[in-house]
Amino acid sequence: MTHKQYKTYTLWLLIITITALVVTAAMLSLKRAAAAQPAAAPPAAPAPEEPGIAYYTPNPASSQENSETVENSGQPEYLVTLYQGRLGVFKEGHTSPVLTQDTPVYLLPEEDIELLKKGLPAKDLNEARKILEDYD
């Protein structure tokens, strides 16, 4: 091979490499933009979970149904539930939320979504905030 042939091949490889870098940067940008915008609805069928993956929430009232604390302290004043694709805290008897949290619900595990559809009772606003923190 002559010097001129090496130069031509090097130029072609450089063009291909730059094109690949531009395409990769564009795809990463699109991926970040898609992740920043919540989807209109959760996926129709959940992806099969890999063995060994477990979700952990430190507050038992937010990840499992545990009404002992509420039963011992009387009727709950607040209910943490779904509100417009996000989490909302409602005071007993009110239709608008007292607090909302911008955690996209579709990112939560299915078990937690089902619990939130039913609503998680909280005896006071501090307990409701603790439940919200667990989903942050």
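Colleague: Which backbone nitrogen does the side chain of Glu127 reach?

Modeller: A polar contact is a pair of N or O atoms within 3.5 Å; within protein, one must be able to donate a hydrogen and the other to accept it, and residues adjacent in sequence count only if both atoms are side-chain atoms. Here the Glu127 side chain reaches the backbone nitrogen of Lys123 at 3.4 Å. This is a predicted model: local features need pLDDT of at least 70, side-chain atom pairs count only at pLDDT 80 or more, and totals for chains, interfaces and linings use all residues. Residues are numbered from 1 along each chain as its sequence is written, and side-chain values use heavy atoms, with hydrogens and water left out.

Colleague: Where is Glu127 found?

Modeller: Helices are DSSP runs of H or I, at least four residues; strands are runs of E, at least two; both are numbered from the N terminus. Glu127 sits in helix H5, residues 125-134.

Colleague: Is Glu127 buried or exposed?

Modeller: Buried means under 20% relative accessible area, exposed over 50%, partly exposed in between (1.4 Å probe, protein chains only). Glu127 is buried. A salt bridge puts a side-chain nitrogen of Lys or Arg within 4 Å of a carboxyl oxygen of Asp or Glu. Glu127 has none; Lys123, the nearest side chain of opposite charge, is 4.4 Å away.

Colleague: Which residues have the most contacts inside the largest nonpolar core?

Modeller: In soluble globular proteins, nonpolar side chains tend to be buried together. A nonpolar core is a set of buried Ala, Val, Leu, Ile, Met, Phe, Trp, Tyr and Cys residues joined through side-chain atoms within 4.5 Å. The largest one has 15 residues, and Val80, Leu116, Leu120 and Tyr135 have the most contacts inside it. H5 is one of the elements that each supply at least two residues of this core.

Colleague: How many helices and strands does the chain have?

Modeller: Five helices and four strands. Their pattern along the sequence is α-α-α-β-β-β-α-β-α.

Definitions and conventions:
Lys, Arg positive; Asp, Glu negative; His and termini not counted.
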